[in-house]
Amino acid sequence: MGRYVVRRLLQMIPVFVGATLLIFLMVNVMGDPIAGLCGDRECDPATAAQLRREFGLDKPVWQQYLTYMGNLFTGDFGTAFNGQEVTELMASAFPVTIRLTIVAILFEIVIGVALGVVTGLRRGRPVDTGALVVTLVVISVPTFVTGLLLQLLLGVEWGWIRPSVSSEAPFGELIVPGLVLASVSLAYVTRLTRTSIAENARADYVRTAVAKGLPRHRVIRKHLLRNSLIPVVTFIGTDIGALMGGAIVTERIFNIHGVGYQLYQGILRQNTQTVVGFVTVLVLVFLIANLLVDLLYAVLDPRIRYA
Amino acid sequence: MRGATHARWIAGAAAVALAVTACGGGGGDDDSGGSSGSGDSGGVLSSSWGDPQNPLEPANTNEVQGGKVLDMIFRGLKRYDPKTGEAKDMLAEKIETTDSQNFTITVKDGWTFSNGEKVTAKSFVDAWNYGASLKNNQKNAYFFEYIEGYDKTHPDDGSKQTADTLSGLKVVDDNTFTVKLTQKFSTFPDTLGYNAYAPLPQSFFTDHDAWLSKPVGNGPYAVDSYTKGSQLSVRKWDDYPGEDKAQNGGVDLKVYTDNNTAYTDLMAGNLDLVDDVPAAQLKNVKTDLGDRYINTPAGIIQTLSFPFYDEDWNKEGSEKVREGLSRAIDRDQITDTIFQKTRTPATDWTSPVLGEEGGYKKGLCGDACEYDADAAKKLIEEGGGLPGGQVKITYNADTGSHKQWVDAVCNSINNALDNDKACVGNPVGTFADYRNQITQRKMSGPFRAGWQMDYPLIQNFLQPLYYTNASSNDGKWSNAQFDKLVDQANAESDTAKAVETFQKAEEVVRDNMAAIPLWYQNGSAGYSARISDVSLNPFSVPVYDQIKVG
């Protein structure tokens with residue numbers, strides 16, 4: 001077990017280096033970011049040259065990358081063009097996005113799994129068909145449509161919520177954005193749970209448990225659900241990273257100043273330091289979430305062992 | 001079950017580790033946004049804002065969002081009248097010159113910064129020296145380029161600077177300083193209303209970081225709190241000595257990523273003022289807001305520039321091709337349908353906000369700016385046809401919905417020339433890359449150019465854009481006659497004559513069609529019923545201090 005974790009952690013290193021290098025190259029290919037800093041007018045060459053020197057942009061890309069990685073290990077993520085430390089930007093952006101992600105994941109787990117169990121146990125009934133249609137609709141409608149529609153209806157027409165989230169972004173204001181962010185994944189979780197439950201409901205061990213005379217809720221919770229959740233856990237686990245990185249659209253609609261906002265701003269201003277820094281952290285989140293998912297397997301199903 | 005127990009323990013530890021890494025940077029989260037200030041005399045209004053691109057320093061702020069703040073918390077020697085754009089004395093008691101080259105500036109007594117420090121001649125001289133010094137990386141440094149000694153503090157070739165201060169600036173006494181320019185520049189005093197020339201308190205130099213996190217100025221407002229990237233709150237400064245005291249208790253500037261969200265917030269009653277109505281809402285804005293929608297001219301003109309470094313665009317007869325293209329663009333139709341009349345077809349190369357006395361001359365472009373398909377076809381033929389048989393209009397696709405109008409312009413050209421392939425749009429992903437390609441002279445055809453004036457002078461619409469090697473002469477157009485006229489106009493001490501000479505220079509631009517003028521841009525804003533007396537100045541920035549709440 002311990003060796004398995006160590007091996008997995010070691011595997012992360014090349015993935016991490018590769019991912020950051022790729023992002024670094026991609027952002028750099030877009031050209032000289034200093035050119036956009038002076039607005040619709042050319043920066044005077046002397047100032048431009050000095051800014052370039054200050055941000056290390058005058059060196060070859062490989063050297064920039066090495067310096068960047070070197071600094072990274074000392075916790076220095078560099079400085080954004082507006083003079084703020086990237087770590088400072090992270091400190092303000094990540095807590096907001098993490099809150100948003102938590103809301104979204106909770107929606108997925110609570111609504112998605114519950115709906116999945118109900119429909120899985122009642123295959124072919126109206127509830128099942130109804131849920132299938134709804135999930136189909138949710139999956140096929142793009143997030144920005146759902147977001148703008150909810151914003152317009154709940155925020156402007158009915159006045160139930162504020163259309164935009166304040167800069168502190170407390171949990172209460174993140175409920176609707178969280179739901180919007182979760183919507184597509186939520187539909188997938190429902191369908192995944194439903195299929196898994198429906199399959200396992202016919203399994204021998206469930207029949208045995210029923211035959212033993214166990215109460216129905218115990219059969220469902222301890223036997224059926226536990227075994228059916230493995231694919232769902234995989235999905236939700238990998239979704240954490242996807243939600244955090246993919247929040248750009250939702251954050252933009254509701255004016256949430258989280259990771260998506262910083263990334264968008266960073267890309268627009270071609271700010272290498274911001275983009276690479278944020279993506280690096282997102283890659284880490286992704287990798288760790290994946291590791292957690294794999295370790296959770298053993299909890300859900302003791303038969304799964306890691307050598 | 002041993003394995004499982006272990007797995008549980010490790011999963012738990014990993015979860016803790018995740019939480020720690022994710023929140024690692026959050027130690028110093030002293031976010032105090034939303035504090036509503038203390039002892040307001042009037043109501044506080046909220047307004048949409050965009051995150052400034054550069055640190056908030058007078059000589060380092062070159063875009064509207066940062067400029068908005070500087071305009072609230074700073075007052076300079078001159079101030080542009082919010083209605084007429086005329087440069088009026090603010091902190092300047094008098095600015096005297098006998099030769100348009102040496103100026104003696106007297107600063108009014110009795111002005112202080114909001115921290116109590118006196119505003120003196122030194123406050124200006126120190127600030128200007130800071131702005132001009134290369135080591136401070138100020139993006140507006142070139143505003144000081146006419147002052148003697150600039151080449152020593154800011155060597156253009158990037159070599160080591162040999163002086164930290166401008167030799168052309170001298171403090172005479174507490175309230176007086178002198179400025180020596182390298183050339184005659186009669187309208188120099190009128191440029192001094194620009195933010196880059198604002199005075200700075202000593203705390204700016206002694207504790208720069210603290211100043212940046214909470215700027216201190218001498219304007220009608222003082223910064224109350226600033227959470228970078230999300231909100232800046234200014235409150236009325238009660239001891240402000242100027243005439244233009246704030247009529248409200250303060251302003252909360254809230255950062256919006258998307259102006260559509262800001263507009264939605266205005267509709268829902270969460271925001272008082274939106275100073276950039278999104279294009280998509282222009283159709284409904286009248287019914288949504290009625291009288292609370294403003295659409296007034298601003299000092300912004302949009303043009304199509306040409307790469308004069310490219311042989312194809314700089315040969316005998318090219319000017320006819322350029323004029324032909326200009327005549328193939330149906331400006332009226334495009335401003336009506338795409339911009340819902342928030343732009344006005346351009347008939348010269350300046351802006352109506354200058355007024356006739358300031359140099360705006362309606363119809364200076366003449367026929368060359370009027371849509372006429374037959375004339376367009378003929379002109380282009382006479383000029384040797386389109387280079388390569390096709391023009392590509394380059395623009396950046398990331399902001400400003402440029403795609404829509406470029407496509408419309410191309411449509412118009414294609415229709416006029418009866419050729420589906422005469423014109424195509426050529427989008428570039430980001431603004432930075434777009435600027436990059438311009439700087440590296442990679443343009444192969446006309447490209448989008450926009451000019452927002454720094455100060456309401458005809459000089460500002462011509463010299464930086466068309467003078468040989470000027471800072472914003474992106475097309476690298478060069479014309480000896482134009483340069484000569486501009487020099488003459490600058491040396492002219494009589495303003496009316498200077499304007500007249502500038503207009504002669506503008507005629508040279510016209511005869512060569514150095515750039516195709518497209519339209520003048522309006523400033524647009526919408527506001528809630530809670531506030532009144534809202535107007536936009538010639539820079540399309542709301543005149544915040546005049547707004548009344550309640």
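**Exercise 1.** Which residues lie nearest the centre of the largest cavity, and how many residues line it?

*Solution.* The model is predicted: local features need pLDDT of at least 70, side-chain atom pairs count only at pLDDT 80 or more, and totals for chains, interfaces and linings use all residues. Residues are numbered from 1 along each chain as its sequence is written, chains are lettered from A and ligands numbered from 1 in the order in which they are written, and side-chain values use heavy atoms, with hydrogens and water left out.

Step 1. A cavity is a set of points, on a 1 Å grid over the protein atoms alone, where a 1.4 Å probe fits but cannot get out; lining residues have an atom within 4 Å of a point.

Step 2. The largest cavity is lined by 22 residues. Nearest its centre lie Thr303(B), Ser305(B), Ala449(B), Leu465(B) and Ser472(B).

**Exercise 2.** State which element gives the largest share of this lining.

*Solution.* Helices (H or I, at least four residues) and strands (E, at least two) are DSSP runs, numbered from the N terminus. In chain B, β12 (293-305), α15 (431-439), β16 (447-452) and α16 (458-466) each supply at least two lining residues. The largest share, four residues, comes from β16(B).

**Exercise 3.** Describe the second largest cavity.

*Solution.* Step 1. Its lining has 14 residues. Ala80(A), Asn82(A), Gln265(A), Arg269(A) and Asn271(A) lie nearest the centre.

Step 2. Helix α11 (residues 259-268) of chain A contributes the largest share of the lining of the second largest cavity, three residues.

Note on methods: 1 Å grid on protein atoms, 1.4 Å probe; cavity = no way out; pocket = protein on both sides within 12 Å on 5 of 7 lines; lining within 4 Å.
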